[in-house]
Amino acid sequence: MRSYAKVVVGVPVEKAFYYALPEEMTGEVIPGVRVVVPFSGRKLTGYVVGLSREKPDVSLREIAEIVDSSPIFDGEMLKLTRWVSDYYCCPWGEALHAAFPPGVRMKKKKSFSPEELSSPPAESLSSSVTLLHHANRGGGKIEFYLQAIKQALKQGRQALVLFPEVSHFQNILNLLRFQFREKIAILHGRLLPWERYHEWLRMRSGAARVVIGTRSAVFAPLVNLGLIIVDEESNPLYKEKRTPAYHAREVALERARLWKVPLILGAQAPSLESYFQAERGKYKLMVLSPAGEKKELPEIEIADLRREFSSRRVRWALSLELRQEIEACLRRGEQTVLFISRRGAGTQKLIDEVGRLFPNARLGKAGTAYEEGTRAQRHKGTKYEETISLFRRGKIDILIGTQAVLKELGGERLSLVGIISADTILNIGNFRAAEKMFQLLTQVSNSLLGKQNGKVIIQTYNPAHYSILNVGDYPQFYREEVEFRRQLNYPPFTSLINIMIKDEEAFRRLIAILEANRDEGVEILPSKAGMRGQQIIIKGENLAGMRRVIRGELSSSRWNKAGVKVDVDPVEQ
DNA sequence: AGCACGCCGACT
DNA sequence: GTCGGCGTGCTC
């Protein structure tokens with residue numbers, strides 16, 4: 001009996017297309033392999049996503065060529081990418097692309113030892129989600145992860161461990177390499193194409209047993225997955241900004257569900273979403289306190305700028321408290337980090353002021369590695385890295401920096417962190433502002449944990465804000481924040497979809513279409529987004545219907561030039 | 001994405 | 001009369 005291949009091609013079209021198989025290809029064309037097909041006058045590479053016995057009611061053409069001698073996606077991975085395309089409103093082809101990175105994509109006709117591939121999954125592990133709420137960045141959580149990984153390996157399974165960025169791997173990588181040596185594979189965006197290809201093959205063959213990676217590694221081609229860990233699950237770097245704008249934690253949740261494997265989410269300060277699920281009993285909550293002697297939180301002092309500047313005309317960047325504390329810190333021969341939330345006009349003013357006030361201190365300024373180095377430079381070492389290195393070696397007394405320096409905190413001689421303006425974060429007009437503030441302060445104060453003179457000074461016009469007052473007490477912060485979210489009907493009580501549109505005419509057209517198909521309880525909030533065009537925010541308890549409308553609508557090519565970008569569950573950074 | 005089809009303005 | 005603008009719609 002003849003069968004027909006259902007093929008997804010890399011065009012922004014929602015549909016799959018059917019092709020006939022030439023006699024000699026029967027048995028070789030199976031779901032998950034790539035094929036070359038004739039498509040409106042040209043040849044395109046597409047993914048076979050299924051086979052059908054019935055002849056579809058269209059005139060068929062034949063598959064021209066088979067690219068892979070064994071599938072690059074198994075059935076589960078096809079389901080996962082399908083879910084990504086449904087949930088994040090992108091064509092299936094684009095979701096498949098995201099799961100199949102460039103370094104690997106160009107290679108052809110390589111066989112991935114089929115005997116490993118077809119091995120039936122062992123008895124399924126208990127599928128559950130654990131939220132590991134740990135108080136510090138110390139060994140407790142790594143120990144926990146290692147135990148879970150060992151258990152998965154003992155059952156003959158593979159473990160997938162995600163971190164928000166490469167610089168966070170090192171600690172666990174050293175420990176894992178010590179125990180498992182060549183069984184470790186690494187996957188992240190900065191690998192060279194051949195490195196990625198090499199790691200891909202090792203995962204696919206089952207030779208790699210533990211995979212450490214960043215967000216895109218959530219699609220790692222594991223043949224015998226037994227465990228997923230997402231470290232620092234609340235880190236916004238897990239959100240992809242390009243299409244499909246997936247959140248690696250959400251994809252991990254779906255993957256764990258599909259593969260029926262346990263998932264561990266780790267966080268110093270969990271995301272509202274995750275803690276909400278834990279509170280309702282959907283996730284198992286585990287709270288880890290610091291092992292050994294209890295390390296004290298640093299002293300947290302609030303510099304109330306309202307009082308500070310009410311009597312004076314000149315506005316200084318540094319409050320009296322912060323100035324005095326820097327002075328004390330310098331006297332003790334210890335280091336200070338001054339955190340600014342954005343680069344810009346305020347930065348130079350701050351640097352000048354610090355220079356004037358502390359003429360003998362050695363100053364350093366660090367933006368981000370990205371801003372201060374070109375792509376080529378980043379391999380050799382950038383100005384940013386140089387500054388950080390000087391700071392680590394104690395050659396800088398006062399370091400002024402943005403978000404990026406936060407992960408460099410924790411050196412021996414650092415004892416003071418000053419938040420120059422908490423309000424630039426609290427006033428960003430985003431419902432996650434308080435959460436972002438709390439995340440920041442948690443990270444900062446944990447990096448000074450147990451320091452004898454550890455101190456955080458927060459300069460603010462909002463000294464009574466709950467995100468500041470509750471540092472060190474996550475449950476209390478959560479209670480206040482979740483109440484705020486409930487009252488304003490924000491996640492986790494609702495979901496959001498953000499659509500950006502350049503073309504104004506298309507913007508109006510899309511609003512009309514969305515309004516016409518709007519479900520009960522769904523709000524459609526259009527607005528101007530300045531230079532970037534217009535945006536439509538869709539807000540509601542259940543957006544499944546809206547998702548369907550968006551996906552169906554955008555598959556029509558009349559939106560091609562309108563510059564439409566869909567962001568499901570947006571996370572502004 | 002590409003490409004054809006189609007219906008309006010300005011050219012040899 | 002035709003060339004070509006790009007709006008619209010289709011590709012198995």
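Predicted model: local features only at pLDDT ≥ 70, side-chain atom pairs only at ≥ 80, totals over all residues.
**DNA strand C**

Around DNA strand C there are 14 residues, and the closest are K15, Y18, F39, R61 and S557. Of the atoms of DNA strand C that come within 4 Å of the protein, sugar and phosphate account for 41%. Sorted by class, the surface near this DNA strand has 8 nonpolar, 3 polar and 3 charged residues.

Two protein strands each supply at least two residues of that surface: strand 2 (17-20) and strand 3 (34-39). Strand 2 gives the most, with 3 residues.

**DNA strand B**

Sugar and phosphate make up 46% of the atoms of DNA strand B that come within 4 Å of the protein. The surface near DNA strand B has 3 nonpolar, 2 polar and 1 charged residues.

**Distances to base atoms**

| Residue | Protein atom | DNA atom | Distance |
|---|---|---|---|
| K15 | side-chain N or O | base nitrogen, DNA strand C | 2.3 Å |
| Y18 | backbone N or O | base oxygen, DNA strand C | 2.5 Å |
| S40 | side-chain N or O | base oxygen, DNA strand C | 3.4 Å |
| R42 | side-chain N or O | base nitrogen, DNA strand B | 3.0 Å |

For Y18, the atom concerned belongs to the backbone, whereas for K15 it belongs to the side chain.

**Helix 6**

Helix 6 spans residues 170-180, and its buried residues are I172, L173, L176 and F180. These residues lie on the same side of helix 6 because they cover an arc of only 100 degrees around the axis. Just after helix 6 comes R181, which takes a positive phi of about 45 degrees.

**R249 in helix 8**

R249 is found in helix 8, which runs over residues 248-259. Is R249 buried or exposed? Its relative accessibility is 7%, so R249 counts as buried, the cut-off for buried being under 20%.

The side chain of R249 makes a polar contact with the side chain of E250, at 2.9 Å. Leaving aside residues up to four places away in sequence, R249 touches E233, S234, L265, S271, E273 and S274.

How values were computed
Residues numbered from 1 in each chain as written. Chains lettered and ligands numbered in written order. Heavy atoms only, no water. Helix = DSSP H or I, 4+ residues; strand = E, 2+ residues; numbered from the N terminus. Buried < 20%, exposed > 50% of the residue type's maximum accessible area, 1.4 Å probe, protein only. Polar contact = N/O pair within 3.5 Å; in protein donor to acceptor, adjacent residues only side chain to side chain. Contact = heavy atoms within 4.5 Å. Arc of directions from axis to C-beta. Near = heavy atom within 4 Å. Nonpolar A, V, L, I, M, F, W, Y, C, P; charged D, E, K, R; others polar.
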